[in-house]
Amino acid sequence: MILLRLVAPVALTLVAGAMVYAAQEPMAGRGAPAASFPAVTRPVAPIVSPTWGDSSERDAAHEVLQIAARLKLHAGMTVGDLGAGNGYDTLRLASLVGPSGRVVAEDVDPSALQALSAQATQRHLSNVTIALGEPQDPRLPPRSLDAAILVHMYHEIAHPYAFLYNLAGAMRPSAQVGVEELDRPTGSHGTPPALLRCEFEAVGYRVQSFAPLTGGLGYFAVFASPSTPPAPQRIHACRA
């Protein structure tokens with residue numbers, strides 16, 4: 001499996017024939033440091049929970065199917081679930097991408113990743129990879145993702161410009177990033193659409209679509225990842 005050649009040493013456990021990655025190490029070395037980028041001029045919401053919303057309500061709204069349609073996800077793709085938390089999206093996307101695909105569940109909280117790893121093991125999901133990231137860097141291998149999602153967590157990223165810059169290196173050509181958010185101030189656990197667009201575009205991402213999801217889930221924005229983001233010193237912070 002090609003992905004294994006890119007992964008930093010991690011603890012591996014074989015359970016019922018499935019290979020499960022324990023959240024011991026990030027998947028790649030550190031990218032550009034946060035100090036190289038401008039600080040945000042708006043509040044950063046604290047991480048208060050490893051999940052968002054009620055799972056049954058999200059299921060009823062077909063959240064994952066809506067995300068998959070917006071990003072044109074299909075079997076065989078490698079999708080990054082950034083800020084995966086308890087893995088609501090990860091566990092459902094694993095079925096969608098199938099055994100020939102992979103879901104990389106990334107988070108900065110080792111305890112959340114440990115719980116998610118246990119769920120993946122219990123469900124015998126051999127196509128889920130657990131990845132420990134940092135606030136300024138998801139620590140994912142170069143050109144490893146076909147798509148990435150950030151579901152109700154962008155407002156919690158302490159260093160968004162560094163995070164987006166380092167994420168760009170993990171995206172394959174023509175890869176897209178999808179962001180699900182509520183239209184409210186970042187301090188109230190949402191992101192105004194104009195601010196989201198400004199911060200992504202500051203790092204070279206190009207907006208592809210911007211529209212609400214059904215079922216009260218918020219809005220969903222799709223961005224094309226830059227092949228070469230601007231140099232850190234050329235990135236300027238957006239006004240809230």
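**Note on the predicted model: fold, cores, disulfide and backbone**

1. The protein has 6 helices and 9 strands, where helices (H or I, at least four residues) and strands (E, at least two) are DSSP runs numbered from the N terminus. This is a predicted model, in which local features need pLDDT of at least 70 and side-chain atom pairs count only at pLDDT 80 or more, while totals for chains, interfaces and linings use all residues. Residues are numbered from 1 along each chain as its sequence is written, and side-chain values use heavy atoms, with hydrogens and water left out.

2. Overall dimensions. The C-alpha trace spans about 50 × 40 × 30 Å along its principal axes.

3. Of the 240 residues, 51% count as buried; buried means under 20% relative accessible area, exposed over 50%, and partly exposed in between (1.4 Å probe, protein chains only). Among contacts (heavy atoms within 4.5 Å) with a separation of 6 or more, 73% are between residues 24 or more positions apart.

4. Strand E6. The parallel neighbours of E6 (145–151) include E3, paired with E6 over 4 bridges, and E7, joined to E6 by 6 bridges. Pairing requires that DSSP find at least two bridges between the strands. Val-79 has Ala-147 of E6 as its bridge partner, and Ile-149 stands opposite Gly-178 in E7. In E6, 6 of the 7 residues are buried.

5. Main core. The largest nonpolar core has 36 residues, and Leu-150, Val-177, Phe-200 and Tyr-205 have the most contacts inside it. Such a core is a set of buried Ala, Val, Leu, Ile, Met, Phe, Trp, Tyr and Cys residues joined through side-chain atoms within 4.5 Å. E6, helix H5 (160–168), strand E7 (171–181), H6 and E9 each supply at least two of its residues, and H5 gives the most, with 6.

6. Neighbours within four places in sequence aside, Phe-200 is in contact with Tyr-154, Leu-164, Val-177, Val-179, Tyr-205 and Phe-223.

7. Disulfide. The structure holds 1 disulfide, defined as a pair of cysteine sulfur atoms within 2.5 Å. The bond joins Cys-198 to Cys-238, with an S to S distance of 2.1 Å, and is left-handed, at -95° about the S-S bond. Cys-198 lies in helix H6 (residues 193–202) and Cys-238 in the segment after strand E9 (219–224), so the pair ties together parts that are 40 residues apart in sequence. Cys-198 is partly exposed at 33% relative accessibility, whereas Cys-238 is buried at 4%.

8. Positive phi outside glycine. Lys-72 has a phi near 55°. Lys-72 sits in the loop between helix H2 (63–71) and strand E3 (78–82) and is exposed, with a relative accessible area of 62%. Arg-143 also is not a glycine and has a positive phi, of about 50°. The loop between strand E5 (128–132) and E6 holds Arg-143, which is partly exposed at 39% relative accessibility.
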